[in-house]
Structure formats: structure tokens, C-alpha cells
Amino acid sequence: MKRNRIIVIVDENELTWESLGFLKQQAEIYQATGIQDALSHLSVCSYHLILIALQQEPEIICQLVETIRKLVITPVIVLLSEQAEIRSKIIYLGADVVLTEPYTAEEVSLQAYALIRRYTEWKSERREEKRT
């Protein structure tokens with residue numbers, strides 16, 4: 001069975017918490033070291049999920065989500081370090097899930113699992129529709 005692929009977009013060496021352990025059980029993970037690295041990978045590689053955990057200004061995160069949504073239809077989870085009014089804007093720009101601290105590794109993992117499942121089922125159904 002083909003393993004799912006997740007790209008994690010973080011500030012350099014920022015994300016080393018245990019939820020990566022949970023996610024590694026579900027998928028192959030590429031940890032991008034910043035926005036440019038992530039965008040270049042997204043333009044050439046296919047992923048089942050995009051996880052954004054950047055300590056950037058909210059507007060930069062909004063721009064990133066908007067840019068990603070123009071490139072791919074892959075599900076996006078955004079992790080924010082604080083309760084932010086920007087949460088709804090991030091959703092409207094294309095993120096599927098926005099979690100604010102405190103969140104648990106299990107919560108991130110379960111959201112990732114659900115989104116990957118829905119995305120892979122949708123892609124499978126689209127392939128079947130094209131065959132008929």
C-alpha cells in the first residue's frame with residue numbers, strides 16, 4: 001500500500017514535538033524549512049496533507065495559505081500559537097483546519113488522519129468517474 005505523504009512547513013528547526021511521531025506512523029513526512037522550500041516542493045511533488053506551523057506574522061500565514069490554495073487542492077492544517085482573530089480569514093483563504101494552542105499531538109494527528117482519509121477517498125472517486 002502506498003504511504004501517504006505530508007509536508008510540514010515550519011520555521012527552521014521549530015517543530016520537534018511529539019505529534020510528528022504520531023504523524024510518522026500515518027505517513028511519510030517532508031519537513032520544509034521555510035516558505036520558499038515548501039512552495040518549491042509543492043510545485044513538483046504531490047502530498048496528501050499540508051501542515052503549517054510557522055511563527056510568522058498572521059498576514060504572512062494568510063498569504064501562504066492563499067498561495068498554496070492556488071497551487072494545489074491538498075488539505076491544509078494550520079497551527080497557531082495563540083487565539084487569533086485571523087483564524088476565520090485563514091479558513092476563508094483555503095485552510096481546512098486551524099488549531100490554536102493549546103492543542104495536543106493526538107488532536108493534530110486525528111485531524112490529519114480525517115483529512116487524508118477524505119482527500120484520498122475523493123481522489124479515488126474522481127479516478128473512478130473518469131474511467132466510466
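Student: To begin with the overall fold, how many helices and strands does the protein have?
Tutor: The model is predicted, and the protein in it has five helices and five strands. Read along the sequence, they follow the pattern β-α-β-α-β-α-β-α-β-α.

Student: What percentage of the residues is buried?
Tutor: Of the 132 residues in the protein, 42% are buried.

Student: And what about contacts between residues at least 6 apart in sequence: what share joins residues at least 24 apart?
Tutor: That share is 60%.

Student: Turning to the largest nonpolar core, which residues touch the most other members?
Tutor: The core has 23 residues, and those touching the most other members are Ile7, Ile9, Ile50, Ile52, Ile68, Val78 and Ile90. At least two residues of this core come from each of strand E1 (4-10), helix H2 (35-44), strand E3 (49-53), H3 and E4.

Student: Which element gives the most to this core?
Tutor: That is H3, which supplies five residues. There is also a second, separate core of 16 residues, with Val10, Leu49, Leu115 and Ile116 among them. As a general matter, nonpolar side chains in soluble globular proteins tend to be buried together.

Student: Let us take Ile9. Where is it, and is it buried or exposed?
Tutor: Ile9 is in strand E1. Its relative accessibility is 0%, so Ile9 counts as buried, the limit being under 20%.

Student: What is Ile9 in contact with, leaving aside neighbours within four places in sequence?
Tutor: Ile9 is then in contact with Ala32, Gly34, Ala38, Ile50, Leu51, Ile52, Ala53, Leu54, Leu64 and Ile68. Ala32 is 23 residues away from Ile9 in sequence, yet their C-alpha atoms are 5.0 Å apart.

Student: Leu39 and Leu42 bring us to H2. Which residues of H2 are buried?
Tutor: They are Ala38, Leu39 and Leu42. Viewed down the axis of H2, these buried residues fall within an arc of 95°, so they line one face of the helix.

Student: What covers them, and what is on the face turned away?
Tutor: The cover over the buried residues of H2 includes E1, strand E2 (27-33), E3 and H3. The face of H2 turned away from the buried side carries the exposed residues Gln36 and Val44.

Student: A change of topic: what is the volume of the second largest pocket?
Tutor: The volume of the second largest pocket is about 150 Å³. Eleven residues line the second largest pocket, and Gln56, Pro58, Leu80, Ser81 and Glu82 lie nearest its centre. Helix H3 (58-71) and strand E4 (76-80) are the elements that give two or more residues to this lining.

Student: How does the lining divide by class?
Tutor: The lining of the second largest pocket has seven nonpolar, three polar and one charged residues.

Student: Now His48. Where is it, and why does it count as buried?
Tutor: His48 is in the loop between H2 and E3. It counts as buried because its relative accessible area is 11%, which is under 20%. Leaving aside neighbours within four places in sequence, His48 is in contact with Arg3, Asn4, Arg5, Thr74, Pro75, Ile116, Tyr119 and Thr120.

Student: How far is His48 from Arg117?
Tutor: Their C-alpha atoms are separated by 9.1 Å, while the two residues are 69 residues apart along the chain. Arg117 is in helix H5 and is partly exposed, with a relative accessible area of 37%.

Student: Which peptide bond here is cis?
Tutor: The bond from Glu101 to Pro102 is cis, with omega near 5°. Pro102 is in the loop between strand E5 (97-100) and helix H5 (105-131).

Student: Finally, Tyr92: buried or exposed?
Tutor: Tyr92 counts as exposed, at 74% relative accessibility. Tyr92 lies in helix H4 (residues 87-93).

Technical notes:
Residues numbered from 1 in each chain as written. Predicted model: local features only at pLDDT ≥ 70, side-chain atom pairs only at ≥ 80, totals over all residues. Heavy atoms only, no water. 1 Å grid on protein atoms, 1.4 Å probe; cavity = no way out; pocket = protein on both sides within 12 Å on 5 of 7 lines; lining within 4 Å. Points joined across faces, edges and corners; volume = space filled by probe spheres on them. Helix = DSSP H or I, 4+ residues; strand = E, 2+ residues; numbered from the N terminus. Nonpolar A, V, L, I, M, F, W, Y, C, P; charged D, E, K, R; others polar. Core = buried A, V, L, I, M, F, W, Y, C linked by side-chain atoms within 4.5 Å. Buried < 20%, exposed > 50% of the residue type's maximum accessible area, 1.4 Å probe, protein only. Contact = heavy atoms within 4.5 Å. Arc of directions from axis to C-beta.
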